[in-house]
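Good morning, and thank you for coming. I shall present one protein structure today, moving from its sheet to its core and then to a pocket.

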Amino acid sequence: MPPDLRLGYLVFEVRRPSHWTAFCARMLGLPAPSSNTDGSLGWQLDDACQRLIAQEGPADDLAAIGLECASDEVMDRMVRRLQQAGRRVTAGDAALCGARRVRRLHRCADPCGNAIELFTGAAAAAAPFASAAFPQGFRTGDLGLGHAVLVAHDLEAMEAFYVGLLGFGVTERLATRVGPIDIRGTFLHCNQRHHSLALFDMPLAKRIHHFMLQAERLSDIGVAFERARRHKVPLSLELGQHPDPDGTFSFYGVTPSGFDFEIGAGTQTIEPAGWETHHTDVTSAWGHKPKLRLQLKMAAGLIARKMGAASQPAKELS
């Protein structure tokens, strides 16, 4: 049986759509985007019409997360659960459904303010996916579109939303230290993919840390890494591999909007039924050496967080 839920698409608000068009063509090897009725651009990754969507705006950040429901009944059940928990849920009108190219859509927000779009009836692409950069394409299907890692400064509230209300399971918990920075993370699954979403408490200003595309062939990762260097795409983490039970071989680079992308392969699947949460203090089994720009970015974020905390008035003791 297919899963009840999977990551369907990601919407980004970008200041320079032309830069994203060039990035998706040269770095990600994707076909030319389709134009949507609201002016956004959509890129095909598989047999769905669009998986990555860019709409023009000043944020240069995540704008919405599309979660595909297995049926209308599944979506209606989730909507009722959200409403019973006091969450505001609105039905997508014809204009929004048309721009997202879906039949039905309901929209709400998670505790960090990220827009969540539950949908059914995604439109199929007009032609099969074809890419010289990824000849065997990407692994999607019942696993959904790769994954997205969100920046979350209240992990407990975010877990209560995604696990308690949307039904995600906790695959793994991370607690580690990178230099002076303590990092906590929670990896969440909604099908056999190790994680479709992850929540990281990190000193970053953006809503999203990175999104990941899973290629079918390991060799495509090395070729993509060389392509990034050839096109002078800034790198964040060099080639490396995440530890089991993930096992992804990948590298990280920077999108035109400043947050990261990850291209990987070899990701292991899990069996959600009866899964016991793993605990780890490492993010990589080997490699993934951070570049200087990433170290400086994290240090700047830590300083900004500490200054922000110092500027808050002291709480009165009760």
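**From sheet to pocket**

Please keep in mind that the model is predicted. Strands β3 (residues 41–43) and β4 (residues 52–56) run antiparallel and are joined by three bridges.

Let us now consider the whole sheet. It is open and consists of eight strands, arranged in the order β2-β3-β4-β1-β5-β8-β7-β6, with mixed pairing. At its edges lie β2 (34–35) and β6 (90–91), each of which pairs on one side only.

I turn next to the core. The largest nonpolar core contains 65 residues, and L28, Y162 and F211 have the most contacts inside it. Setting aside neighbours within four places in sequence, F211 is in contact with several residues, including L28, W20, L52 and F259. Y162 belongs to helix α4 (residues 155–165), where L155, M158, E159, F161 and L165 are also buried. After α4 comes G167, which has a positive phi, near 90 degrees.

Finally, what space lies in the second largest pocket? The value is about 250 Å³. This pocket is lined by 13 residues, of which H19, A22, F23, V233 and P256 are the closest to its centre. Helix α1 (residues 17–26) gives the most to the lining, with five residues. By class, the lining of this pocket comprises seven nonpolar, four polar and two charged residues.

Terms used: Residues are numbered from 1 along each chain as its sequence is written. This is a predicted model: local features need pLDDT of at least 70, side-chain atom pairs count only at pLDDT 80 or more; totals for chains, interfaces and linings use all residues. Side-chain values use heavy atoms; hydrogens and water are left out. On a 1 Å grid over the protein atoms alone, a cavity is a set of points where a 1.4 Å probe fits but cannot get out, and a pocket is an open set with protein on both sides within 12 Å along at least five of seven lines; lining residues have an atom within 4 Å of a point. Grid points are joined across faces, edges and corners, and a volume is the space filled by probe spheres set on the points. Helices (H or I, at least four residues) and strands (E, at least two) are DSSP runs, numbered from the N terminus. Ala, Val, Leu, Ile, Met, Phe, Trp, Tyr, Cys and Pro count as nonpolar, Asp, Glu, Lys and Arg as charged, and the others, Gly among them, as polar. Buried means under 20% relative accessible area, exposed over 50%, partly exposed in between (1.4 Å probe, protein chains only). A nonpolar core is a set of buried Ala, Val, Leu, Ile, Met, Phe, Trp, Tyr and Cys residues joined through side-chain atoms within 4.5 Å. Contact means heavy atoms within 4.5 Å. Two strands pair if DSSP finds at least two bridges between them.
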